[in-house]
Amino acid sequence: MALTQPLPMAPPPAHEGILRRQSLRESAARTYARSLPIVPVRARGLTIEGADGRRYLDCLSGAGTLALGHNHPVVLEAIRSVLDSGAPLHVLDLATPVKDAFVTELFATLPPELADHGRIQFCGPAGTDAVEAAFKLVRTATGRNGLAAFTGAYHGMTAGALAASGGAQDTSVTRLPYPYAYRCPFGTGGEQGAELAARWTANVLDDDKSGVARPAGMILEPVQGEGGVIPAPDSWLRRMREITAARGIPLIVDEVQTGVGRTGAFWAVGHSGVVPDVLVLSKAIGGSLPLAVIVYREELDAWRPGAHAGTFRGNQLAMAAGAATLAYVRENDLARRAGELGARMTSRLDALAAEHGCVGDVRGRGLMLGLELVDPDTAPDPSGARPAAPALAAAVQRECLDRGLIVELGGRHGSVVRLLPPLTITDEQADAVLDRLADALAAGARSGAGGASGASGVGVSGSVGGAGVSGTVGASGNAESFGAVGDAGVAGAAGLGVVGPGQVGGAESAPDGEGRAVPRQGPSSGVTP
């Protein structure tokens, strides 16, 4: 070959072609694919493996859908059982043994007042379908049309659900203040802010000059997820129940993301003891497959036959997977486990916030956690809150991905880093998640994104659980390849760390999504969970 002849170029990796074709063919509305440019090909528990061989700890969990993580054995066995039985997979709303088992298991987890006198409607594949059904139900039952919702809410993407969400342009839904301690609309925060929000709500509903007619229903989230992981105080939730009950307004609670043990109670309303008139459920109840229902008090069941329907409301595989998931969470007390582990993770996140001025607030409940990132170089407002730092949050998300950690952003301006790990996450895996997040935060802060700055090389040390990783996270360099964490790197146990420029350190194996040891793939495969 002549010296002047160019060398043949190797074809690009297959996953790059897949990503390129996605960008050419899919709509401009795609979201996760933009910030998470990976091509998953295998997954188990907490772990995702991409087509390029890299591995990631998944703290997105299908936006909370995967209560048991990816491909949990009990879910796979439930699906195989239906497939092997020869049962029909599509039956509209006909009764089947699979459906009966799902409803029985679901009702066994509900507050007794709702389970003993409740009805269920299968609504279709997505949570937004269930929200639409809830709106139609209360309008039919009350004969009224208006709705009350809260600032920062997210209830779905169909027209009616979107109209009740935080970014809607439609003003037909009355907006009420949601208690948000860090950015309290009344400038007080805490219980006083929540009480002022409740008084405002009662006044708007009672004042015949407020311009707000009595609504057909009120919808709220016990923890606002997309709104920024904002838990409502239990006292405020009880006040909303008192206010609506006294005025004959059905209370709709959206537990699409908070349900099935996520917050430390099987249903988040369990923390406050509130029993809603309508409970909206989706995501985790399908065991990773599409399923959405509403459960409601029988006195609201004023529908005529056919008043609400949906072609795919009889998904047998989802019902089987959902029943297995509900039973596993209940039998293994994973709600309690989520509460305990979430509290320990929050404690470590609080320590991280103390080291980095760019962490304005740490909040959440159970395994639904968030860090609001702010610009520490600006003066706080009178209540102590600083301006949001969305550029920093995006930088931290990228740094997390570089270290093999998938996180989501949400909240006002997309400045909240969200953690939604599966309920099956181990103590050791939780430590690995927090170590990588701490390292990514330090790197993002050093980059100066959004004007934020942080302490260089300062991480979180210590262990979440007794069996957890006890290393200290050091400063990370901005390496060009996954797995290159710079000179300080992560000094972790059980092979979870990366040391030196691009060198995989620690043991020759690392826990997979179920906590078992799996072989490493070498330095070229990047950070290995």
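Tutor: Two strands pair if DSSP finds at least two bridges between them. Helices (H or I, at least four residues) and strands (E, at least two) are DSSP runs, counted from the N terminus. The model here is predicted, so local features need pLDDT of at least 70 and side-chain atom pairs pLDDT 80 or more, while totals for chains, interfaces and linings use all residues. Residues are numbered from 1 along each chain as its sequence is written, and side-chain values use heavy atoms, leaving out hydrogens and water.

Student: What is the order of the strands in the open sheet of four?

Tutor: In general, strands of a sheet pair through backbone hydrogen bonds, either parallel or antiparallel. Here the order reads β13-β14-β17-β16, and the pairing is antiparallel.

Student: Which are the edge strands?

Tutor: They are β13 (359–365) and β16 (408–410), each of which pairs on one side only. Follow β13 to its partner β14 (residues 368–373): six bridges join them in the antiparallel sense.

Student: Let's turn to the rings. How many aromatic pairs are there?

Tutor: Rings of Phe, Tyr and Trp (its six-membered ring) pair if their centres lie within 6.5 Å; planes under 30 degrees apart are stacked, over 60 edge-to-face, and the rest tilted. Searching the whole structure gives six such pairs. Take F102 and F122: their ring centres are 6.0 Å apart and the planes make 55 degrees, so this pair is tilted. Because F102 sits in helix α5 (residues 97–109) and F122 in strand β4 (residues 118–124), the pair ties together parts 20 residues apart in sequence.

Student: Are F102 and F122 buried or exposed?

Tutor: Buried means under 20% relative accessible area, exposed over 50%, and partly exposed in between (1.4 Å probe, protein chains only). F102 has 0% and is buried; F122, at 7%, is buried too.

Student: Which residues touch the most other members of the largest nonpolar core?

Tutor: A nonpolar core is a set of buried Ala, Val, Leu, Ile, Met, Phe, Trp, Tyr and Cys residues joined through side-chain atoms within 4.5 Å. The largest one has 99 residues, and F102, M218 and W236 touch the most other members. A second, separate core of 25 residues includes A161, A292, I294 and L300.

Student: What is W236 in contact with?

Tutor: Contact means heavy atoms within 4.5 Å. Setting aside neighbours within four places in sequence, W236 contacts F150, P177, Y178, P179, A194, A197, A198 and L220.
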